[in-house]
Amino acid sequence: MIQLKPSSPKRRLFLTILCCLAAAPNAKLGDVQALEIFLLLHLSFLIAQFAYAGFRCKVYPPWRRLGIPYGIFLLLTVLLALASMRFRFYPPLDITFLKMPFILSVARVIEVALGIFYMLYLASILRREPDNRRYAMKAYFWAGVASAVFSILSYPLLLAANLEWGVYLPDYRARGWFNEGGPYGLYLASVMIVGLLLYNLHDLKKIQAWPSGVILLLALVGSQSKATFMAACILFLLNLVLVGTSKQRVGLAAIAIIFGAVIWTMTPVPKLMLGYVNAYEVVQQYGNYVDEDAYGGFGGRVAGMVLVPRMISAHPITGIGLGTFSLLRNSPEYLQGLPTRDNWELPGIGLIAYVAELGIPLFAYLMLLLCLPAWMTRHRISMFAFILAAYQPIAHIFGVQLNFYYPWICTGFALSIPEVNSVPHNKVAYSSAKVRRET
């Protein structure tokens, strides 16, 4: 793409705003995230630059390997969304224009397209601009630390003045600038991985890493995110496989045991996880009847666990259309006597919900694309580049929607890290087994 000069203050300004708004998806104008508005404005600027250059640009490796496959995915998604217009929809009352049938699917496609574009854009420009790469990752890391500080400081405000800012009732869960603790916890996990990557590349000092790590861990525990707990287990297993020395494996195992014990004993995570299991068992046992006062009623993840499989069974190939779960959630075909809901509701069960919306073939294709960056980064100068690239599919599996931008940004960071063979011998080089200096 047509690029600004690396030394341009505008580049740094763009990276700063991008990382700060990625930490605050709750900053919205109506139904549109402030980050989406910013990205659309920036994209318009890039298109104007492209036109001024005579519609000529250089195409770098990330675009060649991922751009066309993702373009095919977006085209097929639009076609399946058009096909979904054959359904009878049951939307909640007073929905906005952007949540109308097909309009909602197009809006979701645009959001995903923005995530894909800026993942590749960051991978392209930051690979060739090491100083800006360090700056961008530091901006992302410190924006996450700031959100953690905001969450921690919100606890006394909630207790003293009942202000639900970075913490909310009834379980006193930290959420930063997110809507709830679940996705916030997964965001903090990404911030911690970026911090480990910076520390591994000697771009974050020990005196900075340890205090900020404690702050992030406190906010992460406060988020009481069940999804983060499970995602951390998978990322830990990836680390255990990659790290080559027994000493490092023992260290990682000790950290994982301590982290798991803190989460399991000091938060309501076990009780909340058991609550979902009990609620699902109630649905399975009583079939067409659910007590609205039991386990919070038939809604949220419980409804998703029941309705999504029914939608998949009814439309396994073509799906119901991207984003249309909320418009078909009250359909008698899927409820089969279960209670309806008047409010707007998402399935809340992670990437599996996209099987119902995209169909099995397109979902499998999407999973392949999401996992491809991890394969592409397996030989980077830090093993944490691979972990950061592997973070995105894991985050989506455990509940992060495709229209959340921070997983795409993290993958862009990972793809921008150079490979071992591309580092001059007089520079710092890293292997997955250990960090060493080559002279």
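The protein chain folds into 17 helices and 6 strands, counted as DSSP runs (H or I of at least four residues for helices, E of at least two for strands) and numbered from the N terminus. The model is a predicted one, so local features need pLDDT of at least 70 and side-chain atom pairs count only at pLDDT 80 or more, while totals for chains, interfaces and linings use all residues. Residues are numbered from 1 along each chain as its sequence is written, and side-chain values use heavy atoms, with hydrogens and water left out.

Of the 439 residues in the chain, 50% are buried; buried here means under 20% relative accessible area, exposed means over 50%, and partly exposed is what falls in between (1.4 Å probe, protein chains only).

Now for a helix pair. Helix H15 (residues 360-376) and helix H16 (residues 383-397) have axes that come within 7 Å and cross at roughly 155 degrees. Those axes are lines fitted to C-alpha atoms, for helices over the stretch in contact, with angles running from 0 to 180 degrees between N-to-C directions. On the H15 side the contact is made by Met 367, Leu 370, Cys 371, Pro 373 and Ala 374, and on the H16 side by Phe 386, Ala 389, Ala 390, Gln 392, Pro 393, His 396 and Ile 397. By class that comes to 10 nonpolar, 2 polar and no charged residues, where Ala, Val, Leu, Ile, Met, Phe, Trp, Tyr, Cys and Pro count as nonpolar, Asp, Glu, Lys and Arg as charged, and the others, Gly among them, as polar.

H16 itself is worth a look. Its 15 residues reach 22 Å from first C-alpha to last, close to the 21 Å expected at 1.5 Å a residue, the expected span being 1.5 Å times one less than the number of residues. There is still a kink of about 30 degrees at Tyr 391, shortly before the proline Pro 393; the bend is the angle between axes fitted to the seven residues ending at a position and the seven starting there. Because 14 of its 15 residues are buried, H16 is largely enclosed by the rest of the structure. Just after H16, Gly 399 takes a positive phi of about 125 degrees.

Leu 169 and Pro 170 are joined by a cis peptide bond with omega about 10 degrees, and Pro 170 lies in the loop between strand S3 (167-168) and strand S4 (173-174). His 202, in the loop between helix H6 (181-200) and helix H7 (206-223), has a positive phi near 65 degrees despite not being glycine, and at 48% relative accessibility His 202 counts as partly exposed. Gln 224, in the loop between H7 and helix H8 (226-242), also shows a positive phi, near 55 degrees, but Gln 224 is buried at 6%.

His 42 in helix H2 (residues 34-52) is buried at 11% relative accessibility and touches Phe 14, Tyr 118 and Tyr 121, not counting residues up to four places away in sequence. Arg 64 in helix H3 (residues 61-83) is exposed at 51%; Arg 64 and Leu 120 are 56 residues apart in sequence and 9.8 Å apart in space, C-alpha to C-alpha.

Technical notes
Contact means heavy atoms within 4.5 Å.
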